[in-house]
Amino acid sequence: MSLPKEQRDAAKQSVESYAREFVESRRGLNRDEKYVRELERKLGRLIGECEWSTLRDVTPHSFEAWRARQSGLSAKTLNEYRTAILGLCAWLENRVGTNPIRFVGKVNTSRRSKRERRAFTADEFKRLIKVSGERAIVYVVAASTGIRRGELAEIQWRDVQIDEARPHIRVRASIAKNHKEACQPLPPIVAFALRQRRPLNVAPTDLVFKRLIPRMNCFRDDLNAAGIAYVDEKGEYADFHALRKTYSTFLMLEGFSEFVRMKLMRHSDMKLTQRATQTRRWHQPGMRWRHCRCSMTHK
């Protein structure tokens, strides 16, 4: 049985325009802005990499073929992409008919993640910040606060309290992964480095790390320049999120309790903090993490 003319015509329309309309509808429902931006990013990536021009191109096979190529994404992330396109197609059902993605299953998340991350050693981290130019400040802040890559991209100068006796970075609830506001302490030497690069006429809402957050290929180039293996002999990864594991590990080496580390890592469960910490001794004799951080301000 053929579809009504209205549905056939709708299926010929640009999927990109429908995605924009869908994203704006979520914003109109007062959904969290971080969620809306992530939805927009995921749909944009799918549309581009799956080469979807019209809604007729959105098929279970094209999505599953794209998903099969994503060896670098976790099962959880792949399911988030599925949720994004599933939501768009469900929203359009009254215009184009049955949701074509409705029978696409989720990726099994019960298995152990393929990607095990490791902490950077103090020597590795010194080499990384030495070769990474302006991006060094991003790596230092990430490894000194545990703030995630996506959160760092949204940090504004109003969030960076670097002129106070106890400097810190405020992670607004609207950009935090757990949607809870937090104040992450800044080591004085890192606060000093941020003061040095703060523009004279900066606006409070200007982004601190604008154009400095590296894409994965750029980060891997920095690793190569520093002589750091992206995947070590144990199969553990040194990706951007490994900077967060580095933060947790060196908190442990500096003697902070598990409870304090859990709070600073903004975890809801102690087990998450334990998994985010390199349990074996992970520094060179005589090398303290605070000394490692200082080196970027004396290049």
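Student: Is Arg148 counted as buried or exposed in this model?

Tutor: Buried means under 20% relative accessible area, exposed over 50%, and partly exposed in between, with a 1.4 Å probe and protein chains only. Arg148 has 15% relative accessibility, so Arg148 counts as buried. This is a predicted model, in which local features need pLDDT of at least 70 and side-chain atom pairs count only at pLDDT 80 or more, while totals for chains, interfaces and linings use all residues. Residues are numbered from 1 along each chain as its sequence is written, and side-chain values use heavy atoms, with hydrogens and water left out.

Student: Which residues is Arg148 in contact with, leaving aside its neighbours within four places in sequence?

Tutor: Contact means heavy atoms within 4.5 Å, and with those neighbours set aside, Arg148 is in contact with Lys177, His241, Arg244, Met265 and Arg266.

Student: How should I read the packing of α7 and α8?

Tutor: Two packed helices are described by the angle between their axes and the distance between the axes. Helix α7, residues 122-131, packs with α8 at an angle of about 150 degrees, and their axes are 8 Å apart. Angles over 145 degrees count as roughly antiparallel, under 35 as roughly parallel, 65 to 115 as roughly perpendicular and the rest as oblique, and α7 and α8 are therefore roughly antiparallel to each other. Phe125, Leu128 and Ile129 of α7 make the contact with Ala136, Tyr139, Val140 and Ala143 of α8.

Student: What is the mean pLDDT of the protein?

Tutor: pLDDT is the predictor's confidence in each residue, from 0 to 100; the mean here is 86, and 88% of the residues reach 70 or more. Over residues 281-289, however, the pLDDT is below 50. Where pLDDT is low, the predicted coordinates should not be read in detail.

Terms used: Axes are lines fitted to C-alpha atoms, for helices over the stretch in contact, and angles run from 0 to 180 degrees between N-to-C directions. Helices (H or I, at least four residues) and strands (E, at least two) are DSSP runs, numbered from the N terminus.
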